[in-house]
Amino acid sequence: MAEPATNQKALPLPAHIVVLGLFLVWMLPGLWGHDPWKPDEASAFGVVYSMLRGTGWLVPQLAGEVVLDSPPLFYWVCALFAKALGFALPLHDAARFACVAFVVATVAFGALAARALHGPKPGFASFILALGCIGFIPHAHQLVPDLAMLAGYACALYGLSIAPQRPHGGGLCLGTGFGIVFLSEGPAQAAVLVLTVALLPILFSPWRGVFLLKCAGTALIASLPWWIIWPGLLHAHSPKLFHTWLWVENLDHLRVFDKEIMLSSVYRFIRALSWHTWPAWPLALWALLESRKNFLANRGLQLAVVMFATMFVVLAITRDLQESHALPLLVPLVLLASHGVQTLRRGAANALLWFSIMFFFLFALTGWFYWMGMDAGIPERLHRHLMRMQPNYEPSYFVLRLIGAALVTAAWVWAIANLKRTPERPVLAWTAGTTMLWALIMILFGNYMDAGLSYRQVSLKIKKAIPAGTACVGSAGLGASQRAMLHYFANLVTQRSENPRARKDCPVLLLQSTRALPRDLGPQWMLAFSGAREGDKNELYQLFVRRR
């Protein structure tokens with residue numbers, strides 16, 4: 001059994017000041033000041049941009065074509081933020097403030113759930129752990145629908161955590177969370193919550209009671225508007241599109257019997273999950289190990305385990321597992337880990353603490369060294385190497401940027417030096433390190449990364465190469481991200497050869513291929529443009545004009 005740490009104040013400043021300051025430094029860098037980046041953010045903003053142009057509010061669209069892989073809730077919220085803040089910021093930067101809303105909801109509901117189930121200190125640990133998970137921070141700053149799903153799961157988790165004391169209030173949160181998940185990702189992901197509520201009383205006696213029936217009944221009523229209104233409007237608009245959304249894009253993606261593909265996908269997913277959810281997963285395992293004797297009496301641990309298991313199974317039988325799909329698993333993992341923080345043995349706590357300090361110290365040192373090479377030109381060899389990687393980047397000194405980066409580094413050093421010896425100290429040190437590192441990357445290297453991940457320049461070059469007066473541009477091989485950014489930056493919507501309803505007689509044709517295998521369409525076509533994003537060694541865009 002772990003020896004309890006000394007009971008003293010964990011933070012050198014009042015908790016609310018530390019929480020607010022840490023969150024602002026964690027959230028604000030990378031939220032604005034760069035274009036939508038490939039792949040997921042660019043395609044998601046393409047849907048938002050169509051809404052801002054007046055189309056796609058009921059049926060999401062991207063560059064003139066219907067996309068129904070995700071319901072529209074996330075895109076609606078992004079579009080509303082873009083409309084509200086677009087007068088002061090570029091539309092893509094304004095839309096990213098939706099990320100703030102969903103992240104705040106996620107960490108707040110997660111912390112409230114941990115507090116309700118385990119007490120005030122685990123509630124605080126839950127907040128810190130959520131911000132410290134390595135895979136969460138980059139996705140939290142990008143326009144990806146998974147953020148809305150994450151907030152929905154956290155809201156539902158909080159509802160279940162308070163159900164024994166307040167079944168109707170818990171049911172309201174559970175139903176709202178179900179609706180958010182349903183309207184952000186679809187019925188398969190929302191089914192996780194149905195399975196969780198059904199399995200809890202079957203597996204564990206503490207969940208057998210009238211309170212769960214009351215909670216489930218209230219949740220059903222609260223969820224009705226979420227899963228009836230938009231699907232009903234979509235069906236009324238087009239039964240064919242409704243069928244495409246429900247079956248082709250959702251239920252048909254299940255692969256229960258495709259064992260070989262499923263096992264391969266699960267293996268890759270677990271491997272990504274091992275770093276994506278660090279340091280929550282080892283602390284969660286410790287919580288289960290340390291609490292194994294009273295597990296059958298602990299509602300919080302039971303809830304977290306069942307929710308994690310049902311999420312994992314649903315993900316495992318869904319096609320095309322990506323790293324971002326690990327985000328929902330953070331909700332139950334962080335709840336488990338917040339309990340484990342309080343009982344972590346002193347040796348393990350000290351190991352995590354010193355690993356955090358050394359790990360982030362080395363990365364901060366490396367970051368400043370690479371910045372010197374990138375902008376200051378010292379050493380010159382490193383500078384030449386970095387410029388070859390991103391030829392479109394223009395080195396520049398910006399005093400405010402340097403001051404901000406220096407302050408973030410100094411704040412991290414001060415925080416590490418002043419943390420008190422409490423159970424929360426190791427995770428505080430880790431989260432302070434991830435926050436410092438992320439802020440340094442985005443402050444010092446944000447423009448450099450934008451030069452390589454933005455489609456702005458290549459989109460404008462393609463537009464300039466199109467002959468004046470051209471009314472129709474065909475395309476072949478363009479991905480969703482490319483089509484979205486051509487629409488946004490160049491106001492160009494192509495007639496895709498992959499779309500059977502598109503025109504096939506356009507006098508201009510845009511092809512996406514690779515530098516290794518450029519295309520040649522024969523003597524009847526003239527090559528008007530060939531190029532790619534600066535520094536990209538794979539993609540190639542070729543614009544052909546039909547000879548008269």
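Modeller: The following account considers the cysteines, beginning with the bonded pair. The model is a predicted one. A search of the whole structure finds 1 disulfide. Cys472 and Cys506 are its partners, with sulfur atoms 1.7 Å apart. Cys472 lies in the loop between α21 (456-465) and β3 (473-476), and Cys506 lies in the loop between β4 (495-496) and β5 (508-514), so the pair ties together parts that are 34 residues apart in sequence. A disulfide is a covalent bond between the sulfur atoms of two cysteines. Both partners can also be described by their accessibility. Cys472 has a relative accessibility of 5% and counts as buried, and Cys506, at 4%, is buried as well.

Other cysteines show why distance must be examined. For Cys78, the closest cysteine sulfur is that of Cys99, and because these sulfur atoms are 6.0 Å apart, they are too far from each other for a bond. Cys78 is buried, with a relative accessibility of 0%. For Cys155, the closest cysteine sulfur belongs to Cys173, at 4.7 Å, which is also too far for a bond. Cys155 is likewise buried, its relative accessible area being 5%. The cut-off that decides these cases is 2.5 Å between the sulfur atoms. The 1.7 Å separation of Cys472 and Cys506 is within this limit, so the two form a disulfide.

Key
Residues are numbered from 1 along each chain as its sequence is written. This is a predicted model: local features need pLDDT of at least 70, side-chain atom pairs count only at pLDDT 80 or more; totals for chains, interfaces and linings use all residues. Side-chain values use heavy atoms; hydrogens and water are left out. Helices (H or I, at least four residues) and strands (E, at least two) are DSSP runs, numbered from the N terminus. Buried means under 20% relative accessible area, exposed over 50%, partly exposed in between (1.4 Å probe, protein chains only).
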